[in-house]
Amino acid sequence: MNYWNGKTVLVTGASSGIGRALVQQLLQNGARVAACSRRLDAMQAALGPETEQLLLFAADVSVPDACEAFVAAAVAKFGGVDVLINNAGISMRALFAEVSFDVLRELMDINFWGTVYCSRFALPHIVSRKGVIAGISSIAGYRGLPARTGYSASKAAMQAFLESLRTELLPSGATAIWVSPGFTASNIRNVARDASGKSQGETPLKETQLMSAETCAGHILHAVERRTRNLVLTRQGKLTVWMNKLFPGLTDTLVYRHFLKEPDSPLKK
Ligand SMILES: NC(=O)c1ccc[n+]([C@@H]2O[C@H](COP(=O)([O-])OP(=O)(O)OC[C@H]3O[C@@H](n4cnc5c(N)ncnc54)[C@H](OP(=O)(O)O)[C@@H]3O)[C@@H](O)[C@H]2O)c1
C-alpha cells in the first residue's frame with residue numbers, strides 16, 4: 001500500500017526547486033497537496049492549475065496570518081492535515097561585517113519563523129492524525145558556513161526547534177523530523193541575498209553537476225514516510241557533518257578554503 005495515497009500534505013515554497021519536485025512526486029503518489037509560495041503565478045506555471053487533488057495558495061510564510069490562512073484553506077478543502085513540509089527558504093552570500101541587519105532578519109523570518117508559524121497552525125490537525133512535521137534544513141544547520149551567517153543561524157535554529165518539538169510530541173504519536181540537503185540544483189543561489197538585500201542574480205556553482213531537486217525530493221519523502229529523525233544528504237554533506245563532529249578545528253580551515261575558491265567569493269575581499 002502506497003503510504004502517500006489519500007494523505008493530505010502541506011508543502012511551503014512550492015513554486016521552484018525542491019518544493020516543486022516534492023509536490024509533483026506527492027501528486028504522482030496519490031496525495032492531496034496544499035502548496036504555497038508568495039507567487040501564485042509562478043506556482044501555476046510550475047505545477048499547472050488547481051485541481052481536486054491540488055490547492056495553490058499565495059502566502060508569505062514570514063507572516064503569521066498568512067500561515068494561518070494557508071492551513072485553514074487546506075483543512076477546508078481536504079478536511080485535515082497528515083504531513084507539513086516546511087520547505088520555503090532563502091539564502092545569502094555576504095560577509096557579516098558588511099551585511100545589513102535587514103537581510104539577517106529576513107532569513108530568520110522566512111527560514112526559522114516561517115517554520116514556527118506553519119508548524120503551530122498545523123499542529124492540532126497533525127496531532128489528531130499522528131502525522132509528521134518536517135523541516136528542510138541544510139548542512140549549514142550543523143556546520144556554520146562563512147558568508148552565510150544568517151542562513152546558518154536560521155537552519156541551526158530550525159533544527160533545535162524541531163528537535164524540541166519532536167520530544168514534546170513523544171506521547172502524542174505525531175513527530176517532527178528534518179532533512180539537510182547538500183548542494184542541490186535549484187534557484188536558491190540565484191535569489192540569495194547580497195549584503196544589501198538584493199538577489200545576487202547568478203549562481204557560483206555548476207548547478208547541472210549537483211544533486212537534482214527530484215532526487216532530493218525523493219529522499220525527503222522517504223524520510224517522512226520512515227519517520228527518520230534527521231537525514232543528511234550527499235556524500236560531501238555527510239562528510240562535512242562527520243568531520244565537524246570529530247575534527248572541528250580542521251573543518252574550520254577546510255570549510256574556509258572551500259568557500260574561498262568560489263567564483264566572486266566575498267572571502268576574497
Ligand atoms: N538547493 C540547495 O542547494 C539547498 C541545500 C540545502 C538546503 N536547501 C533548502 O531547501 C529549501 C528549498 O530551497 P530550493 O533550493 O528549492 O530553493 P528555490 O528554488 O529558491 O525555492 C525556494 C522556494 O521558497 C519559496 N519562498 C521563498 N520565500 C518565501 C516566503 N517568504 N514565503 C513562502 N515561500 C517562500 C520560493 O517561492 P516564492 O519566491 O514564489 O515565494 C520558492 O518556491 C530551502 O529551505 C533551502 O534552504 C537547499
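How close do the axes of helix 7 and helix 8 come, and at what angle do they cross? The legends below describe close-up views of a predicted model.

**View A. Helix 7 (residues 235-246) and helix 8 (residues 248-260) where their axes cross.** The two axes come within 6 Å and cross at roughly 140 degrees, which makes helix 7 oblique to helix 8, because only angles over 145 degrees count as roughly antiparallel. On the helix 7 side the residues that take part are Gln-236, Thr-240, Met-243, Asn-244, Lys-245 and Leu-246, and these meet Pro-248, Leu-250, Thr-251, Leu-254 and His-258 of helix 8. Sorted by class, this contact has five nonpolar, five polar and one charged residues.

**View B. Helix 5 (residues 149-168) and the elements that its buried residues pack against.** The 20 residues of helix 5 should span 28 Å at 1.5 Å a residue, and the end C-alpha atoms are 29 Å apart, which agrees. The buried residues of this helix include Met-158, Gln-159, Leu-162, Leu-165 and Arg-166, and the buried set packs against helix 4 (101-128) as well as strand 4 (83-86), strand 5 (132-136), strand 6 (175-180) and strand 7 (230-232).

View C. Pro-181 lies 30 residues from Tyr-151 in sequence, and the two C-alpha atoms are 14 Å apart in space.

Methods. Residues are numbered from 1 along each chain as its sequence is written. This is a predicted model: local features need pLDDT of at least 70, side-chain atom pairs count only at pLDDT 80 or more; totals for chains, interfaces and linings use all residues. Side-chain values use heavy atoms; hydrogens and water are left out. Helices (H or I, at least four residues) and strands (E, at least two) are DSSP runs, numbered from the N terminus. The expected span of a helix is 1.5 Å times one less than its number of residues. Buried means under 20% relative accessible area, exposed over 50%, partly exposed in between (1.4 Å probe, protein chains only). Contact means heavy atoms within 4.5 Å. Axes are lines fitted to C-alpha atoms, for helices over the stretch in contact, and angles run from 0 to 180 degrees between N-to-C directions. Angles under 35 degrees count as roughly parallel, over 145 as roughly antiparallel, 65 to 115 as roughly perpendicular and the rest as oblique. Ala, Val, Leu, Ile, Met, Phe, Trp, Tyr, Cys and Pro count as nonpolar, Asp, Glu, Lys and Arg as charged, and the others, Gly among them, as polar.
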